[in-house]
Amino acid sequence: MSDTPFGFGLPPEEPEDGDEGKKKGNQGGQGGPANPFGFPGMGLPGGAGAPGADNPFAAMFGSMNPNDLGAAFQQLGQMLSYEGGPVNWDMAKDIARQTVAQGTADGVKDTSVGIAEKSAVEEAVRLADHWLDGVTSLPSGATTAVAWSRAEWVEATLPVWKELVDPVAERVGAAMGGVLPEEMQAMAGPLLGMMRSMGGAMFGQQIGQAVGTLAGEVVGSTDIGLPLGPAGKAALLPLNIESFGKDLGVPSDEVRLYLALREAAHARLFAHVPWLRSHLFGAVEGYARGIKVDTSKLEDVVGQLDPSNPEQLQEALQGGMFQPQDTPEQKAALARLETALALVEGWVDAVVHEAAKPRLTSADAMRETMRRRRASGGPAEQTFATLIGLELRPRRLRDASRLWASLTDARGVDGRDGLWEHPDMLPTASDLDDPDGFVHREQLDFSEIDKMLGEAAEKREQDGDEKK
């Protein structure tokens, strides 16, 4: 699959010296798990090199068993008849479930969660929450603990995928369909109309496959750094936890408990920092708003077209005519998102390690395993690299973790966690470059500002009453 959003996106940053995150032979997920959001279809630019990139039907029919042709034609009919929004979510759900049913590359099939596994997850989350009480001032954010199969993870997380993906898919379609000059609209009309009618279904097909693939890898509902599950639920996937810990040499109950700590820590953060979720999703929407097409390139291409030759227009559409620009809006949105995700992951890493270190002999080994997983392209790295072209840098996550640990030493648990009260109090990207400078900087006291604002509002009310 392509490692660019919907088949195209921003160029990845150069790897940094010393970064564990250098994708050694694994750019875009090649050689590792399939990149979830590589959308090569629709014959659009940017999907070059992906199977079926130039011909979206090749991937559908190319290596098909003749017995499956009926299903393929039925799927094609769905594509051509789709008239809904930017993504056909019914198709996405069906294909995600089909992908899950096929099992993972190592041959592990999805199974229903048994009573014993549910009890083990509930106990792990309960104990994890108890341990976290001593290392963070944020109260528990999980009212219930649930154990999901892979199929249940798909069902439970699709509403959030819709919220995350729709703005990008909608803007991609608008950018591609609204840039042709008026004189070209009539000539391109039939082709663009077919592209729009197929676009939602093609997105649904690719997203369904992506979500189904991720369902075979995630261990909980917060693996990508965003809360994918319903509010108040800490969710773990016993089957994937078993695969995750298979070759670690760590007792299975310790693996489950360590991952429960991470899930419960994420739950606390998103439950008690009310602005955080909208801040992260807003950055993705900000990226989508910044998608623009290079009209100067478009004009050059259009100027060379022969109006009497429709095939020439089709070749131009398939050859890079709609390649989006690398806009300042997108860069700013991606910078905000990367910093926020690093701060979330860094905080979770720091508090989980503080809770686990005195109690689990495997704490250091589990922490290192999670870091290597991110460096080699875990679910979070795959998702953001291919959804919006953001390469999450492992060094950024390590910097954030060190910063939160230093804040704990310098200001205590309450002083550290108090920074989540307001987005302007959090460390910035430059603070991650100089964590010591931020830790020892004079602390901002927002209570004084709030007091002044309150007094000013009260004085205005009094002045208004006197004038009456």
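The model is predicted, so local features need pLDDT of at least 70 and side-chain atom pairs count only at pLDDT 80 or more, while totals for chains, interfaces and linings use all residues. Residues are numbered from 1 along each chain as its sequence is written, and side-chain values use heavy atoms, with hydrogens and water left out.

A nonpolar core is a set of buried Ala, Val, Leu, Ile, Met, Phe, Trp, Tyr and Cys residues joined through side-chain atoms within 4.5 Å; buried means under 20% relative accessible area, with a 1.4 Å probe and protein chains only. The largest such core holds 105 residues, and Trp153, Trp161, Ile388 and Trp420 have the most contacts inside it. Its largest share, 15 residues, is supplied by helix H12 (residues 328-356); helices are DSSP runs of H or I with at least four residues, numbered from the N terminus.

A salt bridge places a side-chain nitrogen of Lys or Arg within 4 Å of a carboxyl oxygen of Asp or Glu, and the count comes to 21. Glu345 pairs in this way with Arg262, the closest N and O atoms being 2.9 Å apart. Because Glu345 lies in helix H12 and Arg262 in helix H8, the pair ties together parts 83 residues apart in sequence. Both Glu345 and Arg262 are buried.

Helix H8 (residues 252-272) also contains Arg268, which forms a salt bridge with Asp129 at 3.0 Å between the closest N and O atoms. Arg268 is buried at 0% relative accessibility, and Asp129 is buried at 11%.

Methods
Buried means under 20% relative accessible area, exposed over 50%, partly exposed in between (1.4 Å probe, protein chains only). Helices (H or I, at least four residues) and strands (E, at least two) are DSSP runs, numbered from the N terminus.
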